[in-house]
Amino acid sequence: MLGRFLYLEFLFPILDYLKTLELREGTYDLGIPVYVTLILYFNLAPITADQKSIIGSAIALLAILIGFSITSITVLSTSSGEAIKLLKEKKSKRMISKKPISLFQLLHIGFTYALIIEILTLASILTFSVLLRCNVSSPLCSGLYFFNIFLLIHIILINLRNTTNFYFVLFKSE
Amino acid sequence: MSTRDRKINFYVIALSNIDLPDQPCNQSEIVNLFNYIIRFVWQERKMDINRENKVHALDSFSSNDNATYHVVMKTAKYRHRPPLLDTINGTERDNPKRIHEGEPEKTHLAFKVLADEIILIMEDKKNGIAIGRFIDYLNKFRKRYFDENNNDIAKYAIDWSILPKDDFLYELRSLSSVKIGEVYYDKQCMGSEFLNWSERTENVQRDIVISMRAIRGESIFDTIMDVYDKFNVTDSVIKKIRISGKNINNNNVILDTDLIKKTEHVTVDIEEETGVVNTAEMFRQFNEILLEM
């Protein structure tokens, strides 16, 4: 219903990512960031002025990672090597809409999800920055601060996994 | 030439080191043992079971390109010479057979040697040799082989187990106890689909094996049933289940999902004159079955 009035199709890659996530990948991509964020929350809250300085570094990091993800998707989609051809034919065990997807699609989902989540994180960090400047209540800022930390760790781990997967794909062709 | 169905049974024979049961043994030593036995003259090669008036002996041993091996055991029952009955007119006459003579009954066997066991096919013959007696026969010569050759084979015990032919689950339920279970996982379960795609784990030669042992006096039947449910689904990471247990007659039984075969009989040609099966034809069919396994 909401979709009639608002563009929400960017959620598809996120849902596809969640549908194709295996347990150990979920533990790595989501479990570790939650665990680390909780440790930081109980040791660092409430946030201090020094910690707020992370905003600048995080924006720079995300800009680099967004560039990296776009490049990866470009390489993946324009490559016509033998390995990529075989990758498109090789069926994965994962399913979307009860149909098995290819390993190529799985890799594509990984990179696209990473790119979307990086953009959303960038938006979240910018929101946090605006809230700080407007002196919005501390609990809301604090919550958003640690949510951003979670997203940053999540993005780093996803990029690490995507890069490793891409490495294995190219490794076979050698 | 007429044909006849012959029932066959499957067994697993394994040489195991008596002193070091966990140490792998060279299973091909069994071939040396047969070559050793066949050199003897009949008098030394025979095993006389006095209480049954039966003699068993290795009659022939040959290799089929070292892939499978063929064995013929000869059995004869003596001290049995009732008069002969003419089935046409009902008359009887004295049996010309001497008291120490008997009709030779051939039992055909074929085996192939695997890395850690030997798969044996044996003709099921009432008047021939049974598996237990056959192993006794080998054990008798195993000891002599050691005495004369000072060979390590003396340290080996020859164990045997039945390899059932029916459905795995049916056979599993018929066991009185399940002592050891081995679950073979696909080595690909070690990594992600991309790692498997890269074929980096190809150099891992064997699958991952998880071994389960029942505590003394207990059975792991329920555990194996649970594992079998997981094995019996599409794309299961479990490649094979192998269990050791005892049947109601207290015989060792090995159940292996890879080695369950439906074959129970072979159809062989019979010599019209003697009613004896054609050995070459029998071994040809044994070979086909063994090479499939």
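Visitor: How do the residues lining the largest pocket divide into nonpolar, polar and charged?

Guide: There are 19 nonpolar, 9 polar and 18 charged residues in that lining. Keep in mind that this is a predicted model.

Visitor: What is the volume of the largest pocket, and how many residues line it?

Guide: Its volume is about 1600 Å³. The lining counts 46 residues. Nearest the centre lie B:Asp116, B:Glu117, B:Glu182, B:Arg242 and B:Ile254.

Visitor: Which strands supply the lining of the largest pocket?

Guide: In chain B, β1 (2-17), β9 (156-163), β10 (177-185), β11 (208-213), β12 (238-246) and β13 (252-256) each give at least two residues. The largest share, 7 residues, is from β12(B). By domain, the lining takes at least three residues from each of domain 1 (2-165 + 264-275) and domain 2 (168-256) of chain B.

Visitor: Now the largest nonpolar core. Which members touch the most others?

Guide: Of its 46 residues, these are A:Leu76, A:Leu87, A:Leu107, A:Phe128, A:Val169 and B:Phe194. Elements giving two or more residues include α4 (54-78) and α6 (103-133) of chain A, and α5 (193-197) of chain B. Apart from this core lies another, of 34 residues, among them B:Cys25 and B:Phe111.

Visitor: Is B:Trp197 buried or exposed?

Guide: Buried counts as under 20% relative accessible area. B:Trp197 has 7% relative accessibility, so this residue is buried. B:Trp197 sits in helix α5 of chain B.

Visitor: What does B:Trp197 contact, beyond four places in sequence?

Guide: Its partners include A:Leu86, A:Leu87, A:Phe168 and A:Val169. A:Lys90 and A:Lys172 are also among them.

Definitions and conventions:
Residues numbered from 1 in each chain as written. Chains lettered and ligands numbered in written order. Predicted model: local features only at pLDDT ≥ 70, side-chain atom pairs only at ≥ 80, totals over all residues. Heavy atoms only, no water. Core = buried A, V, L, I, M, F, W, Y, C linked by side-chain atoms within 4.5 Å. Buried < 20%, exposed > 50% of the residue type's maximum accessible area, 1.4 Å probe, protein only. Helix = DSSP H or I, 4+ residues; strand = E, 2+ residues; numbered from the N terminus. Contact = heavy atoms within 4.5 Å. 1 Å grid on protein atoms, 1.4 Å probe; cavity = no way out; pocket = protein on both sides within 12 Å on 5 of 7 lines; lining within 4 Å. Points joined across faces, edges and corners; volume = space filled by probe spheres on them. Nonpolar A, V, L, I, M, F, W, Y, C, P; charged D, E, K, R; others polar. Domains from an automatic or database assignment.
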